[in-house]
Amino acid sequence: MGITERKDREKQEMIDLILNESMKLFIAEGYENITMRKIADKIEYSPTTIYLYFKDKSEILYSLLNMAFDKFYEAQMSIQSIPDSKERLLAHGLAYVNFAKENPHYYDLMFILKDPTENMNCPDDWISSTRTYEILKTNIKQCISDGYIEETDTEVIAFTLWSLVHGIASLIIKRGFMIPEPFREYLVYNSIKFAFKGLFLK
């Protein structure tokens, strides 16, 4: 390995360390309670070192959220090839919960942590978070077009379904110990199926 490759690897390792430890601090103590010095103490480096990679904690959180929403987007896109819109919408709900189970720290950061974005310096064209919600609305619109759902306000339906699966996902990752593991998958699938059934006309 050459000098350039080694430096690039070391740089990426430091970035990963900062991001991983910052995520733990944000979740444990809240974004507003974390300073660059606290992050530096956590990784056992000086604050000056962190400033070589990130200009402030806002940029760290922005990077983490981008990573989380990109991964979430990939999970949602994985079910878009399902031809039947009703089955695709059901699979969408399951994909949401599975993402939360498989990525609890990311999910905490995205949807459980008190919304820190008001104090973040995010670019005006930040789309990582909104495009995932647009996929949900697209699937709902297709169900309406196919006659599965009564034509009504798509925003209302989207928010209702999001609230439903968010509640299930939150209970699973925060109180999953109350549900035996062999029963958990069955309960999640049939709960979503039961709730969505009331939405469908046929």
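Start with Glu44, which is exposed at a relative accessible area of 69% (exposed means over 50%, buried under 20% and partly exposed in between, using a 1.4 Å probe and protein chains only).

Before you move on, a word on the model: it is predicted, so local features need pLDDT of at least 70 and side-chain atom pairs count only at pLDDT 80 or more, while totals for chains, interfaces and linings use all residues. Residues are numbered from 1 along each chain as its sequence is written, and side-chain values use heavy atoms, with hydrogens and water left out.

Next, colour the aromatics. Rings of Phe, Tyr and Trp (its six-membered ring) pair if their centres lie within 6.5 Å, and planes under 30 degrees apart count as stacked, over 60 as edge-to-face and the rest as tilted. That rule gives 13 aromatic pairs. Pick Phe72 and Tyr96: this pair is edge-to-face, 5.4 Å centre to centre with 80 degrees between the planes. Phe72 sits in helix α4 (residues 57-77) and Tyr96 in helix α5 (residues 85-102), so the pair ties together parts 24 residues apart in sequence. Both Phe72 and Tyr96 are buried. Now widen the selection to the cluster linked by ring pairs, including Phe69, Phe111, Tyr133 and Trp162.

Last stop: select Lys57 and Tyr31. The charged end of Lys57 sits over the Tyr31 ring, 4.3 Å from its centre (the cut-offs: NZ of Lys or CZ of Arg within 6 Å of the ring centre and within 35 degrees of the ring normal).

Terms used: Helices (H or I, at least four residues) and strands (E, at least two) are DSSP runs, numbered from the N terminus.
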